[in-house]
Amino acid sequence: MNYRRFLEGDDDGFVAIVRDYKDGLMLYINSFVHNIYLAEELTEETFVKLGVKRPKYKNKASFKTWLYAIGRNVAIDELRKNKKYHEVPLDDYTNLACDEADIEKAYIKEEEKRMLYQALKKLSSSHQQVLWLVYFEDFSHKEVALIMKKSVHGIETLVYRARLALKTELEKEGFGNENL
Amino acid sequence: MKTYDEMASSALKRIKQQRQKKQQLTKVGLMLCASCLLIAFGYFSFSDDKQKATLTDNLSNTIIINQNHISSDQSKLNLDLADVVAFNQAELIQYFGHNIFPIVPSDLNSWLDDNFSGYRIYYKDGKVYWDQQVLNYSNDDFSRSVNLEVAKDDLPLLDFLVSQERTSMSQILGYDVYIADCLDGYYQAQFICDDVGFVLTTKGLSEAEVIAVVESLLSDSS
């Protein structure tokens with residue numbers, strides 16, 4: 001496993017972790033901060049935390065679940081520290097949108113899922129987070145509960161409400177949602 | 001935006017810097033600790049016995065670890081998904097020995113959807129250790145809702161505050177029912193009926209509608 005390789009002193013193990021998880025983690029963190037540049041910084045911060053603290057991974061959940069839980073903590077710390085909204089200067093806005101679209105295109109291969117992601121971005125932050133983890137990262141409800149530090153029942157309820165909100169959003173856009 | 005390799009090398013660089021900084025801080029910390037120990041040793045060597053006794057008393061902690069005599073699952077700390085037995089609606093009514101599904105106003109729908117995999121009872125070593133059920137109903141815009149928590153033998157455990165001033169109990173169909181109006185659109189009701197505990201919370205329902213929901217649970221003849 002790459003993390004074990006890294007702990008044993010092999011930096012290539014770390015590079016492999018970044019390659020495997022960077023994009024997905026960045027889009028997940030973006031659902032908290034809504035700024036892809038800041039999400040990129042926080043993703044790097046998550047990897048740095050992993051490398052400096054070298055916490056013991058106890059196999060209680062998959063490595064990915066564990067990494068996303070660390071990423072969530074980093075994002076929440078950032079929101080606590082900088083409660084004011086992260087404003088993007090107008091000139092940077094076009095670049096931000098383009099860069100975000102590139103990441104999405106690279107990570108979300110299917111066109112239909114990309115359209116779903118666009119609708120997802122109009123939902124509240126917690127609805128975005130839970131649906132991202134379930135639909136785009138294929139985490140089980142139990143894994144999402146571990147990442148978001150909620151009960152499985154709480155996650156089921158949140159997914160239900162988020163799906164309703166997403167359905168409304170898709171209907172507004174005129175998309176069918178039979179498979180939702 | 002950074003490529004994978006750029007992010008990896010930038011992160012590795014920061015990791016190395018931070019680890020070096022940490023090592024330096026540890027060294028400084030160790031030196032400071034050693035200095036403090038030397039100072040403390042010198043101080044206590046020349047101070048009187050009374051002062052020494054007071055400081056020792058302040059530093060000594062008393063640690064008592066009590067034995068709970070019940071396991072984490074029985075204390076509801078550890079609900080293990082491996083212990084779940086899925087029940088359907090009929091099986092659940094049979095288990096409780098009483099209907100637990102209320103009749104709610106017609107604009108409210110159950111939250112359970114097509115993917116619902118069954119009601120959960122946690123069962124281990126021949127015993128049920130967690131049977132609390134949560135049933136939710138709401139209208140389309142969530143302005144009206146019914147939340148019902150049910151458990152066998154006693155009132156369900158709650159994670160919200162219920163008023164303790166239960167001086168006046170209603171009598172509905174021969175049962176004692178505690179009902180409270182929270183004055184902001186919420187009602188609460190609690191009652192035990194045929195050894196099944198119910199806690200009902202409603203939002204946006206009228207008093208008459210709340211009573212009707214309670215009656216639908218009490219009038220069971222399963």
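1. The largest nonpolar core has 59 residues, and those with the most contacts inside it are A:Phe47, A:Val130, A:Trp132, A:Leu133 and A:Met148. A nonpolar core is here a set of buried Ala, Val, Leu, Ile, Met, Phe, Trp, Tyr and Cys residues joined through side-chain atoms within 4.5 Å. Buried means under 20% relative accessible area, exposed over 50%, and partly exposed in between, with a 1.4 Å probe and protein chains only. Helix α2 of chain A (residues 11-33) gives the most to this core, namely eleven residues.

2. The model is predicted: local features need pLDDT of at least 70, side-chain atom pairs count only at pLDDT 80 or more, and totals for chains, interfaces and linings use all residues. Residues are numbered from 1 along each chain as its sequence is written, chains are lettered from A and ligands numbered from 1 in the order in which they are written, and side-chain values use heavy atoms, with hydrogens and water left out.

3. Leaving aside residues up to four places away in sequence, A:Trp132 touches A:Gly24, A:Leu27, A:Tyr28, A:Tyr68, A:Tyr107, A:Ile108, A:Tyr117, A:Leu120 and A:Glu137. Contact means heavy atoms within 4.5 Å.

4. A second, separate core has 30 residues. Its members include B:Leu92, B:Leu108, B:Val150 and B:Val210.

5. Chain A has nine helices and zero strands. Helices (H or I, at least four residues) and strands (E, at least two) are DSSP runs, numbered from the N terminus. Of the 180 residues in chain A, 48% are buried. Among contacts in chain A with a separation of 6 or more, 60% are between residues 24 or more positions apart.

6. Helix α7 (residues 125-136) and helix α9 (residues 152-173) of chain A have axes that come within 9 Å and cross at roughly 100°. α7(A) is therefore roughly perpendicular to α9(A), a term that covers angles of 65 to 115 degrees, whereas under 35 counts as roughly parallel, over 145 as roughly antiparallel and the rest as oblique. Axes are lines fitted to C-alpha atoms, for helices over the stretch in contact, and angles run from 0 to 180 degrees between N-to-C directions.

7. The side of α7(A) in this contact consists of A:Ser126, A:His127, A:Val130, A:Leu131, A:Val134 and A:Tyr135. From α9(A) come A:Ile155, A:Leu158, A:Val159, A:Arg161, A:Ala162, A:Arg163, A:Ala165 and A:Leu166. By class, the contact residues are ten nonpolar, two polar and two charged. Ala, Val, Leu, Ile, Met, Phe, Trp, Tyr, Cys and Pro count as nonpolar, Asp, Glu, Lys and Arg as charged, and the others, Gly among them, as polar.

8. In chain B, three strands form an open antiparallel sheet in the order β1-β3-β4. Two strands pair if DSSP finds at least two bridges between them. The edge strands, β1 (84-87) and β4 (127-130), each pair on one side only, and the twist averages 45° from one strand to the next. Four bridges join β1(B) to β3(B) (residues 119-124), with B:Tyr122 as the bridge partner of B:Val84. Helix α3 of chain B (residues 89-96) lies across β1, β3 and β4 and runs at about 110° to β1(B).

9. Strand β5 of chain B (residues 133-138) has five of its six residues buried, so it is largely enclosed by the rest of the structure. β5(B) pairs in the antiparallel sense with β2(B) (residues 109-110) over two bridges, and B:Asn109 has B:Ser138 as its bridge partner. With β6(B) (residues 145-152), β5(B) pairs antiparallel over six bridges; B:Tyr137 stands opposite B:Val146. Six residues lie between the strands of the β5(B)-β6(B) hairpin, where B:Phe142 takes a positive phi near 65°.

10. Further along chain B, β7 (residues 170-172) and β8 (residues 175-181) pair in the antiparallel sense over three bridges. Their hairpin has two residues between the strands, and B:Leu173 takes a positive phi near 50°. Four bridges join β8(B) to the antiparallel strand β9(B) (residues 186-193), and B:Ala180 stands opposite B:Gln188. In that hairpin, which has four residues between the strands, B:Leu183 takes a positive phi near 70°.

11. B:Leu157 is in the loop between β6 and β7 of chain B. B:Leu157 is exposed, with a relative accessible area of 53%. Its C-alpha atom is separated by 9.8 Å from that of B:Gly197, 40 residues apart along the chain.
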